Amino acid sequence: MSILSFLFYGILILLILSLFSSFLFIVQQETAFIIERMGKFHSIRYAGLNFKIPIIDHIVGKLTLKIQQLDLLVDTKTKDNVFVKVKISVQFKVIKKKVYEAFYKLDNSHAQITSYIFDVVRAEVPKMRLDDVFERKDHIALVVKGELEGSMLDYGFSIIKALVTDLDPDEQVKQAMNRINTAEREKVAAEYQAEAERIKIVAKAKAEAESKKLQGKGTADQRREIARGILESVEVLNNVGINSQEASALIVVTQHYDTLQSMGEGCNTNLILLPNSPGSASEMLNNMITSFNISNQIGETLKKKNNSKKNKS
């Protein structure tokens, strides 16, 4: 085969391919092509191999049928005059049965959706205080979605979801909020610390009260045993002809000398008990007996007076 024949067949193949390409075209999945015939809308072609008449039919545009997402940052002001940036994410798609409206009724769908979002957010957020904006993000998203659904449906668009993804107040406001949160946490910590201290004090007071109670009980038991011992000693002395007053005085003198003995056993004691002369014991005994006698006389006198008053009455 000569070179001229090779060139001829090559040119022929190219002409055939170009002829077929002018008749046939391929539409990708989830895509719609808009066909106009002689400048007038003719048809919409979907995924697969499609046919058109060369020169007469023209592909004037295509629309994706996939879900699209539009992210916007809206500057607005709350009811308590705090400037805040609201980040909105809107997911939308072209309705397959309304490709014509989506292509011919809107020149720029993103700009139209953006205008609606700005209008809704700037009308809704100024009704709320800053704390309410944070708490009611879902409410704002629902209002945006509802407004867009009613407006964009006539243009062939379906609103899938609207989300408030972020709220960014002014920097000074954020610092003030952080200070408030810090103060609240410190307040709670102080309350817990005070409660812990109170529990410690109550527990300590209970422990001390229990200790005093046990100590008092021990002292009472000790005195009870001492009294019982004194009573037994008095009974023994009575049996040998010593009356109760003399016996009590004798016991006190005995305890006095027992105390001196215990003090003397300590080699480093600096305590001095006065009086401490040999004659002081006799004097102490006489004073005690005299005191007991006087006490008994006073007691008898008081009894007689009380009895006489009762008899007169």
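**Note on salt bridges and strand pairing**

1. Lys127 is exposed, at a relative accessible area of 56%. The scale used here is: buried under 20% relative accessible area, exposed over 50%, partly exposed in between, with a 1.4 Å probe and protein chains only. On that scale its salt-bridge partner, Glu124, is buried at 12% relative accessibility. The closest N and O atoms of Glu124 and Lys127 are 3.8 Å apart; the criterion for a salt bridge is a side-chain nitrogen of Lys or Arg within 4 Å of a carboxyl oxygen of Asp or Glu.

2. This is a predicted model, in which local features need pLDDT of at least 70 and side-chain atom pairs count only at pLDDT 80 or more, while totals for chains, interfaces and linings use all residues. Residues are numbered from 1 along each chain as its sequence is written, and side-chain values use heavy atoms, with hydrogens and water left out.

3. In helix α5 (residues 137–152), Glu149 and Lys145 are four residues apart, about one turn of the helix. Their closest N and O atoms lie 2.4 Å apart, and Glu149 is partly exposed at 35% relative accessibility.

4. The other pair is in helix α6 (residues 171–239), where Glu195 and Arg198 are three residues apart, again about one turn. The N to O distance of this salt bridge is 2.8 Å. Both partners are partly exposed: Glu195 has 36% relative accessibility and Arg198 has 44%.

5. For the chain as a whole, the secondary structure comes to eight helices and eight strands. These are DSSP runs numbered from the N terminus: helices are H or I with at least four residues, strands are E with at least two. Of the 313 residues, 23% count as buried. The chain exposes about 22,300 Å², of which carbon and sulfur atoms supply 57%; areas come from the Shrake-Rupley method with a 1.4 Å probe. Among contacts (heavy atoms within 4.5 Å) with a separation of 6 or more, 64% are between residues 24 or more positions apart.

6. Which strands does β7 pair with? Strand β7 (residues 83–94) runs antiparallel to strand β6 (residues 68–77), with ten bridges joining them. Strand β7 is also paired with strand β8 (residues 157–169), in the antiparallel sense over eleven bridges. Two strands are taken to pair if DSSP finds at least two bridges between them.

7. β6 and β7 form a hairpin with five residues between them. In that turn, Asn81 has a positive phi of about 60 degrees.

8. An open sheet is formed by three strands in the order β3-β2-β5, with antiparallel pairing. β3 (40–45) and β5 (57–64) are the edge strands; each has a single partner strand, so one side of each is left without a neighbour in the sheet. Neighbouring strands of this sheet are turned by 25 degrees against each other on average, direction ignored. The axes are lines fitted to C-alpha atoms, for helices over the stretch in contact, and angles run from 0 to 180 degrees between N-to-C directions.

9. Within this sheet, strand β2 (residues 31–37) pairs with β5 over seven bridges in the antiparallel sense. Ile35 has Ile59 of β5 as its bridge partner.
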